[in-house]
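Work through the exercises below on aromatic rings and their surroundings. Each task is followed by a stepwise solution.

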Amino acid sequence: MSRTSALAVGIACLSAGFVLGNFANHGRTDAHPSQRASSDADAPSPKDPAQSSRDATPQPIGSQPVSRADASADSSGRPADLRALATCASRTEPKAAERCLQQLDAIGVQDPAVRRTFLQLISTQQDPTAKARIFENITPAPLPPEDLMPFLKELESVRGSSDPEVRADGLIRTAAWDRSDAIAGVLRQGLYDPNAEVVRAAATAVLVSNVRTQDIKEALLALASDATPDSQLHRSALEALGDFSLNREEYLIYRAARDRVDAKSRR
């Protein structure tokens, strides 16, 4: 499974929880955030020179997160905890930084102090890839527009990356964070990106989103008709179209695109 496919599956699960306003706990830890941050601060910080510049960024993914319930059970000393976690998350040792980001996420972005901490960490990064690494450790949550807007602004920077993989990541995450029709233009732009991986991510982002506009549907119909039969791009377009209402003419285009897969399999 490609990175974009894996990301799409994860984001789709997050989006279901987002819509319901119900987020599952990530796992459990017995350590209080301040204790974990102190432990991380004492750990050595070796760097592997063989790592790519992408892996060398201070915000990677993929460790066991902590329980949101446990993290929010005790609010005593919260400002000190957040400062310690923010300092730890800014470190150059990837695994330690990741653990601290996950502990912040366990408290949740619905906490104003956590939102401020995350936004401070993201805004200090100039590289879109580094910003994307932080977003990989944040679970979207229903927020008022004024609280959501700073995150969407940072995701705009991620989508502007010259790296197609980062742009693809930014598209799907934007769809998970912004549940409004306001992202229709962003999705449409992604569907016409010169890179096939970004276009496929845009089709997946349409499925994750609530956007079902006519121009998006037309772009997907054209994509399904033109893409190589049974390619990932072709399948993504057909899958996204399955969630649109189609008139008779549109259905005939959709059916012809789908039949191209069956024709190829019979050869």
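**Exercise 1.** Classify Tyr 254 as buried or exposed.

Solution. Buried means under 20% relative accessible area, exposed over 50%, and partly exposed in between (1.4 Å probe, protein chains only). Tyr 254 has 14% relative accessibility, so Tyr 254 counts as buried. Tyr 251, at a relative accessible area of 36%, is partly exposed.

The model is predicted: local features need pLDDT of at least 70, side-chain atom pairs count only at pLDDT 80 or more, and totals for chains, interfaces and linings use all residues. Residues are numbered from 1 along each chain as its sequence is written, and side-chain values use heavy atoms, with hydrogens and water left out.

**Exercise 2.** State how many aromatic pairs the whole structure holds, and classify the pair of Phe 151 and Trp 177.

Solution. Rings of Phe, Tyr and Trp (its six-membered ring) pair if their centres lie within 6.5 Å; planes under 30 degrees apart count as stacked, over 60 as edge-to-face and the rest as tilted. The search finds four pairs. For Phe 151 and Trp 177 the centres are 4.9 Å apart and the planes at 20°, so this pair is stacked. Phe 151 belongs to helix α8 (residues 145-159) and Trp 177 to helix α9 (residues 164-177), so the pair ties together parts 26 residues apart in sequence. Helices are DSSP runs (H or I, at least four residues), numbered from the N terminus. Both Phe 151 and Trp 177 are buried.

**Exercise 3.** Classify the pair of Tyr 251 and Tyr 254.

Solution. The centre-to-centre distance is 6.3 Å and the angle between the planes is 40°; the pair is tilted.

Methods: Helix = DSSP H or I, 4+ residues; strand = E, 2+ residues; numbered from the N terminus.
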